[in-house]
Amino acid sequence: MSPSEFVQQLVNALSLGSIYAVLALGLSMVYGILGMLNFAYGELVTIAGYTMLFLTTETDAPFILVALGGVAAAGLASVLMELVAFRPLRNASFVSLLFTSFAVAQLIQGAFRQAVSVRARGVPVPALFDEALDLGPVRISVLSIITASIGAIALVSLTQFMKRSRAGLSMRAAAQDFTTARLNGVRANRVISLAFLISGLLAGIAGVLWIARTTSVNPATGFVPVVQAFIASVIGGLGNLRGAVLGGFFLGTLEVFLQATLPGSLLPYAQATALLIVVAVLYVRPQGLFGQRAVT
Amino acid sequence: MSDVAGNGTAPERGDGAPLLSVDSLRVTYGAVTALRDVSLDVRAGEIVAALGPNGAGKTTLLRTIAGVLKPQAGAITFRGSPLSGSAPEAVVGRGIALVPEGRHIFPGLTVEENLLVGGTTRSERDEVRRDADGWLARFPILGERRSQLAGTLSGGEQQQLAIARALMGRPTMLLLDEPSLGLAPIVVDRIFALISELRDDGVTILLVEQNVHRALAVADRAVVLSVGEVVASGPAESLAEGDLERSYLGIGRKG
Amino acid sequence: MTGPIPLHRLRPAVWGTAVIGALLVAGMLAVRSGASSSAGRTYVVFLVNVMLVVAIQTFIGNSGIVSFGHVAFMGIGAYVTALGSIPEALKTAQMPELPAWVATLELGFVPAIVAAAVIAAVVAAVFGGAIVRMAESTMAMATLALLVIAHTFFQNATTYTRGAVGLAGIPTRTTLGVAAAIAVAFVFVGRLYKESRSGLRLRATREDALSSASVGTNVVRVRYGGWILSGALMGAAGSVWAQNVIAFNANQFYFAITFALLAMLVVGGRSSVTGAVVGAAVITFMTDTLSRVEQGVRIGPWELPRVTGTVQFAIALLIIVTLILRPEGIFGRWEVDDLARRLAGRVRSRRRGAADVADVDEADHLPPVTDAPTVLEGRGVVKRFEGVTALDGVDIELRDGEVLGLIGPNGSGKTTLLNVVSGVQRPTEGRVVLGATDVTGWSAHRVAGRGLSRTFQNIRLFSELTARENVEAAAPTSASRADVDDVLGWFGLGDVEHQRARNLPYGVQRRLEIARAVIRRPSVLLLDEPAAGMNESESDELLANIRRIRSTLGCSVIVVDHDLRLIMKLCDRIQVLDQGRTIAIGRPQEIASDPRVVEAYLGAGSPAA
């Protein structure tokens with residue numbers, strides 16, 4: 001790999017990694033507070049995609065509004081999902097909640113199959129996304145730069161929100177010790193709704209970026225993102241927000257460099273190879289790369 | 001910090017209707033009955049100590065009042081209106097704060113952030129910050145460590161932080177669960193001095209404590225629990241030494 | 001209880017299988033005598049689903065760990081079968097690049113199934129080595145990775161799989177009768193494993209991994225065993241499936257089927273083989289009915305339009321409703337024979353071995369054991385947690401045959417000391433020697449294997465297992481059924497042996513926990529607050545029990561308790577801890593009059609001090 005190729009791949013890795021990081025962060029957010037893995041998280045990406053599809057085909061809104069609409073829809077759907085499906089099972093076991101979210105995912109997929117179509121539908125994106133910038137010998141796609149920047153903005157603003165705001169403080173306290181947080185007046189329902197809202201907004205942001213890359217949406221669009229989010233947060237140590245971000249970048253980098261270095265015949269196996277490497281990593285460190293071993 | 005009890009002036013100690021009234025409380029965990037028919041009153045401004053050996057149900061009593069556990073039967077009344085069945089966050093909102101056994105500070109938050117979490121129920125952000133500064137000044141050791149993660153504090157420092165955090169909500173009443181647990185004697189002195197000061201500030205306290213002599217020295221009244229029942233109660237100075245030792249050392253319980 | 005499956009546990013497995021088998025066969029005969037060939041096809045699909053779900057249930061049901069990856073093994077089974085049994089001409093036409101030895105293979109029905117099971121088991125063994133070591137939530141994710149990886153291979157290794165195009169021409173050998181026979185065999189294997197010693201231990205880890213380790217179970221190993229067996233069964237089921245469908249492609253081994261199979265498990269009751277069968281029935285027939293509806297049907301004068309996606313929708317709703325109304329599924333944790341026994345149990349309740357423990361007399365105090373050899377020793381044990389020193393250089397010495405009391409106020413380090421010597425926690429400094437072996441830093445199950453048993457301060461029973469199963473899950477291989485009966489009898493548990501631990505009264509749970517520790521015939525027994533929450537008569541009974549154990553088994557005992565009356569009566573020596581240090585050690589009468597002890601308990605400034 002030549003140095004300029006390397007730089008290009010590095011930008012690609014940052015771009016894909018930031019999508020995974022945002023995805024993993026949203027998933028970890030809910031896990032940290034409720035100890036729940038939300039399998040229907042991927043469907044939030046799908047919802048963002050269909051909202052974009054609807055807004056571009058039915059209105060003349062500029063792409064920026066279309067994108068914001070997608071993000072908002074995912075945030076709203078996430079809050080509703082918790083209210084309707086998960087709240088009745090608030091004290092259920094990890095396994096019951098996992099199965100419930102699995103069923104919710106299927107329900108939403110089924111709804112899109114019914115209401116729209118089984119087939120993928122193209123989502124128009126600005127032509128700018130296809131262009132590339134020449135910086136000396138290095139050619140970098142505009143979309144990669146946009147993706148990495150939006151990812152960075154999302155991560156930084158969330159960090160600031162969690163650090164500086166009272167709501168963020170309540171969420172951090174609840175993630176550490178839910179009962180004690182309540183004993184200090186942190187309202188359980190509110191903090192859980194907020195966690196789902198943020199989780200949904202993050203899924204929405206990642207979803208918009210994802211759709212901008214794939215330029216189409218189908219009922220099963222959310223599957224790959226949710227798997228990658230799961231894997232990235234497991235690498236980072238489940239529930240560890242910083243770890244989730246690092247895990248996302250790790251996974252993105254791994255995938256991009258496997259794509260770049262694997263021989264052509266093995267290219268379809270890039271994702272599977274990345275997963276195998278992750279499983280091998282977990283064999284050595286079952287608690288994740290950045291997680292801490294639980295202390296009894 | 002004379003305005004710790006934020007809800008107006010504290011009523012004359014020991015007068016009138018009880019501030020907190022627990023009536024025939026019954027709490028079970030699965031097959032275990034942790035409290036059976038426990039009744040007690042706490043009047044405004046007094047310190048009541050709940051004593052008894054391990055497993056007597058003292059912690060269960062505090063956790064039930066605080067809304068963490070739901071009673072099977074019985075009633076809890078606070079300032080004349082019912083409290084039982086309220087969620088923990090609602091109980092704090094009513095002015096009762098629990099300092100849990102084992103302190104339960106948030107280890108991954110800084111000392112200052114721990115205090116700010118304690119002010120969650122209050123709306124005036126600047127006042128909450130001022131109160132936090134006040135506590136950091138009152139406990140210089142915490143003041144020095146305000147930006148340090150609370151998990152790195154020593155046991156005694158954590159206990160001070162837990163109490164200060166509970167007081168950040170300006171409660172009328174404080175539930176203290178084993179505040180001296182695992183602390184060196186000199187640190188215990190400091191904690192008990194603080195408890196006396198809080199009483200002088202007008203905070204009503206229900207104290208669960210294994211260090212009987214310390215507890216009786218600071219309390220106005222005491223109840224003794226054994227295997228989930230009240231077996232003795234009365235003014236602190238009149239509780240017979242014999243009663244206590246018998247219940248602590250496991251002699252002469254009800255069969 | 002010698003052999004992998006104790007005889008008395010074989011009986012319920014046989015009965016349960018017989019009942020389910022009779023129903024499955026009756027259904028088959030009814031379908032066969034009917035005229036509709038589509039009913040026959042649906043019934044075969046149902047029977048194959050029974051196999052698939054039972055295979056998954058073998059792991060998920062017994063271990064309590066969710067796997068999204070089992071369809072990978074089904075796919076492996078299907079491809080092995082297709083590659084091994086499609087007639088040569090058809091095979092080479094579809095896959096010209098196939099190596100000759102594969103192309104010429106024409107396996108029969110049974111050899112194909114066996115090959116599928118073996119290869120699936122090998123893959124399960126390789127992948128499972130990583131999976132079973134993970135934390136439970138992480139494991140669910142790793143199995144999802146397995147599904148994605150397997151799917152990628154099925155899709156892209158086109159030389160062997162033809163990816164999304166698929167393979168065709170597998171001989172259809174799964175007839176109605178054969179499918180029924182195999183489904184019954186799967187149910188039987190599922191039940192046999194559940195009742196086997198390994199299956200019982202795996203179920204115990206589902207309830208409480210820590211106390212499983214404390215009764216000598218290697219948690220990782222029993223999970224690994226269940227995983228491999230389950231993978232092999234899934235491979236075999238995949239083979240039977242392939243020999244029913246004639247043709248399939250890579251996309252069939254992905255989310256849709258994973259979802260359908262997990263739905264069957266969740267709806268029927270994931271911890272029960274009976275539940276797996278019921279779930280398969282409900283979902284299969286619902287799917288069948290709804291897909292007919294989707295084609296558009298006439299109901300009287302109304303013509304329903306064609307719709308799509310109702311099946312997935314209905315299954316999803318069914319899962320959510322089930323989890324809200326019956327979180328454990330329709331059958332919960334019950335097997336069909338449990339229900340029969342429950343009904344029968346109401347008619348005749350057996351009484352035996354009830355409380356013949358109270359007659360042990362006080363003279364059972366063994367002679368003093370001052371010069372007996374040391375059986376357990378802790379030297380300079382230090383244990384620090386974040387910012388807190390729980391043990392600050394404690395020495396402890398337990399002599400052969402003695403009962404040592406460990407007392408001290410809350411937070412003095414008693415439980416931590418028990419945790420360190422039993423391998424639940426690692427000491428920060430110091431050594432622990434059990435018998436002649438240095439066991440410092442050993443895991444709990446290895447320490448237990450060396451003859452140390454313990455109970456926990458907050459009872460940690462296997463709460464969904466029966467009283468008898470709790471004891472059997474802890475029993476060493478050498479223990480016979482009579483040994484289990486004896487131990488149940490000693491503690492007056494004969495009457496309640498078939499009741500689930502969580503339904504027992506508190507005092508009985510305490511006794512059961514001691515019984516579970518004692519069945520291992522330990523040389524050292526650690527009891528953590530056995531009298532907590534007991535009244536005087538209950539604690540007297542406990543006293544008699546502990547003495548009886550000591551004299552019957554000749555073991556040495558450490559008791560932690562706050563009930564000093566019990567401690568004074570029971571113990572040969574007492575060691576007092578305060579703030580993580582030993583402050584006194586001696587005979588009961590010495591300790592009772594030691595002012596330091598009174599002070600530690602009631603606080604400084606006590607008039608007695």
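Predicted model: local features only at pLDDT ≥ 70, side-chain atom pairs only at ≥ 80, totals over all residues.
Figure 1. To find the contact, look on α5(A) for F161(A), M162(A), K163(A) and R164(A), and on α6(A) for G168(A), M171(A) and R172(A). Sorted by class, the contact of α5(A) with α6(A) has three nonpolar, one polar and three charged residues.

**Figure 2. Chain C meets chain A.** Let us move to the place where these two chains touch. On one side are 36 residues of chain C, in contact with 38 residues of chain A. Which elements of chain C give two or more residues to this side? They are α7 (136-156), α13 (255-268) and α15 (310-325) of chain C. The most comes from α7(C), which gives 12 residues. The side of chain C that touches chain A divides into 26 nonpolar residues, nine polar and one charged.

**Figure 3. A closer look at A150(C), a residue of helix α7 of chain C.** Is A150(C) buried or exposed? Count the other C-beta atoms within 10 Å of its own: there are 24. A residue with 20 or more counts as buried, so A150(C) is buried. Setting aside neighbours within four places in sequence, A150(C) is in contact with A72(C), G75(C) and F253(C).

**Figure 4. A hairpin in chain C, formed by β11(C) and β12(C).** Strand β11 (residues 573-578) of chain C and strand β12 (residues 581-586) of chain C run antiparallel and are joined by five bridges. How many residues lie between the two strands of the hairpin? There are two, and Q579(C) in the turn has a positive phi of about 50°.

**Figure 5. Chain B, with its helices and strands.** Finally, here is chain B, which has nine helices and 10 strands. Of the 255 residues in chain B, 52% are buried. Take the contacts in chain B between residues at least 6 apart in sequence: 69% of these join residues at least 24 apart.

Terms used. Residues numbered from 1 in each chain as written. Chains lettered and ligands numbered in written order. Contact = placed C-beta atoms within 7 Å. Helix = DSSP H or I, 4+ residues; strand = E, 2+ residues; numbered from the N terminus. Nonpolar A, V, L, I, M, F, W, Y, C, P; charged D, E, K, R; others polar. Pairing = 2+ DSSP bridges. Buried ≥ 20, exposed ≤ 12 C-beta atoms within 10 Å, placed from the backbone.
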